[in-house]
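Please read it alongside the model shown here.

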Amino acid sequence: CGTSRVRREANVEVRVAPVTLQPTCNYTGRRYRHGLGVWAVNVHEPEVPQGSERLEWMLLCTVPIETKTAMEEAVLDYKDRWGVEDINKVLKSGCHAELAVVPDLAAFRRLLAVAWPM
C-alpha cells in the first residue's frame, strides 16, 4: 500500500514568502477576483544522506508568517496534520460522511458528535 521509510533526522531550510493566488478564468465570485493572498512556506533539505530521499514540501497558509516563531509553528502544525488525515479517511471511507446532507452548522456538529468517536 505504501513505501516504508526508515525514521531519520533531517536538517532543513525553510523559506517563506507572501504570494497571491490568481483566480481561474471561470471564477465568477467577487470576493477573490483580485486574487487570494497567502503565505508560501517551503521546507527543503539541502544535504541528503546517501540512500535517502530528499525532503521537500510546500505549504500555502492563510495566516501571516512574519516571524521566525510563526514560521516554526506553521511547519510543526503541518507536520502534525497526518493524524487529522487519518480521522478524515475514517469519516469519509468508513462512515461515508460526505454523503450526509447537513443543512446547517448545528446539523454538522450532530453528525460529528456521532461519527467522530468511531
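## Nonpolar surface patch

In this predicted model, Val-19, Leu-21, Met-58 and Leu-60 make a nonpolar surface patch of about 330 Å², where a patch consists of residues with over 30% relative accessible area and no salt bridge, nonpolar side chains (Val, Leu, Ile, Met, Phe, Trp, Tyr) being joined within 5 Å and like charges within 9 Å. Areas come from the Shrake-Rupley method with a 1.4 Å probe, and for residues only the protein chains shown count as cover.

At least two residues of the patch are supplied by each of β1 (13-21) and β3 (56-61), strands being DSSP runs of E with at least two residues, numbered from the N terminus. Leu-21, found in strand β1, counts as partly exposed because its relative accessibility is 37%, the class lying between buried (under 20%) and exposed (over 50%).

## Salt bridges

The structure holds 2 salt bridges, each defined by a side-chain nitrogen of Lys or Arg within 4 Å of a carboxyl oxygen of Asp or Glu. Glu-45 pairs with Arg-8, with the closest N and O atoms 2.7 Å apart; this pair links distant parts of the chain, 37 residues apart, since Glu-45 lies in the loop between β2 (36-44) and β3 and Arg-8 in the segment before β1. Glu-45 is buried at 1% relative accessible area, whereas Arg-8 is partly exposed at 32%.

The salt bridge of Arg-15 with Glu-13 has its closest N and O atoms 3.2 Å apart. Arg-15 is partly exposed at 47%, and Glu-13 is partly exposed at 35%.

## Basis of the values

Residues are numbered from 1 along each chain as its sequence is written, and side-chain values use heavy atoms, leaving out hydrogens and water. Local features need pLDDT of at least 70 and side-chain atom pairs count only at pLDDT 80 or more, while totals for chains, interfaces and linings use all residues.

Notes:
Helix = DSSP H or I, 4+ residues; strand = E, 2+ residues; numbered from the N terminus. Buried < 20%, exposed > 50% of the residue type's maximum accessible area, 1.4 Å probe, protein only.
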